[in-house]
Amino acid sequence: MSGRIAIIRAPLLEEFVAAHPNDGFARYGLAMECASQGDEAAAIENYEKLLASHPDYVSGYFQYGQLLARLSRSDEARRILTNGIETARRTGDQHAASEMETALAQL
């Protein structure tokens, strides 16, 4: 049953994002779901759209950076994580900045 739910979840999230294109949480959820289903191209597209329209969405930088690192796209991961660290510090999210610094150091 859980496999079936995963298959249904992405299209439902896509519909929700289409109906609410300015909802950062929905876009983030769609990117995460695409990544978890192995659709890296769709995940990357959605992370890019998320960060373009919501540049202070700190979790987006962290998850996107981790995805790029898993795909051995280290230079891109460094860029995203560095931007995320700057954003986290600027917005006062020291915990997220610390997590991204650790991820960056592991690249």
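Q: What are α3 and α4 to each other, roughly parallel or roughly antiparallel?
A: An angle under 35 degrees counts as roughly parallel, over 145 as roughly antiparallel, 65 to 115 as roughly perpendicular, and the rest as oblique. In this predicted model, the axes of α3 (residues 40-53) and α4 (residues 58-70) cross at roughly 150° and come within 10 Å. Helices α3 and α4 are therefore roughly antiparallel.

Q: What are helices and axes here?
A: Helices are DSSP runs of H or I with at least four residues, numbered from the N terminus. Axes are lines fitted to C-alpha atoms, for helices over the stretch in contact, and angles run from 0 to 180 degrees between N-to-C directions.

Q: Which is the crossing of α3 and α4, left-handed or right-handed?
A: A crossing is left-handed if the near helix is turned anticlockwise from the far one by less than a right angle, and right-handed if clockwise. The α3 and α4 crossing is left-handed.

Q: Which residues in α3 meet residues in α4?
A: Contact means heavy atoms within 4.5 Å. From α3, the residues are Glu40, Ala43, Ile44, Tyr47, Glu48, Leu50 and Leu51; from α4, they are Gly60, Tyr61, Gln63, Tyr64, Leu67 and Leu68. The residues of this contact divide into nine nonpolar, two polar and two charged. Nonpolar covers Ala, Val, Leu, Ile, Met, Phe, Trp, Tyr, Cys and Pro; charged covers Asp, Glu, Lys and Arg; the others, Gly among them, count as polar.

Q: What is Thr87, buried or exposed?
A: Buried means under 20% relative accessible area, exposed over 50%, and partly exposed in between, with a 1.4 Å probe and protein chains only. Thr87, in helix α5, has a relative accessible area of 5% and is buried. Leaving aside neighbours within four places in sequence, Thr87 is in contact with Pro55, Asp56, Val58 and Tyr61.

Q: What is the relative accessible area of Arg79?
A: Arg79, found in α5 (residues 74-91), has 42% and is partly exposed. Arg79 and Gly65 are 14 residues apart in sequence, and their C-alpha atoms are 8.2 Å apart in space.

Q: What is the pLDDT of the chain?
A: pLDDT is the predictor's confidence in each residue, from 0 to 100. The chain has a mean of 90, and 91% of its residues reach 70 or more. Over residues 1-6 the pLDDT is below 50, and this stretch has two contacts in the model beyond near neighbours in sequence.

Q: What are the numbering and the limits used?
A: Residues are numbered from 1 along each chain as its sequence is written, and side-chain values use heavy atoms, with hydrogens and water left out. Local features need pLDDT of at least 70 and side-chain atom pairs count only at pLDDT 80 or more, whereas totals for chains, interfaces and linings use all residues.

Notes
Helices (H or I, at least four residues) and strands (E, at least two) are DSSP runs, numbered from the N terminus.
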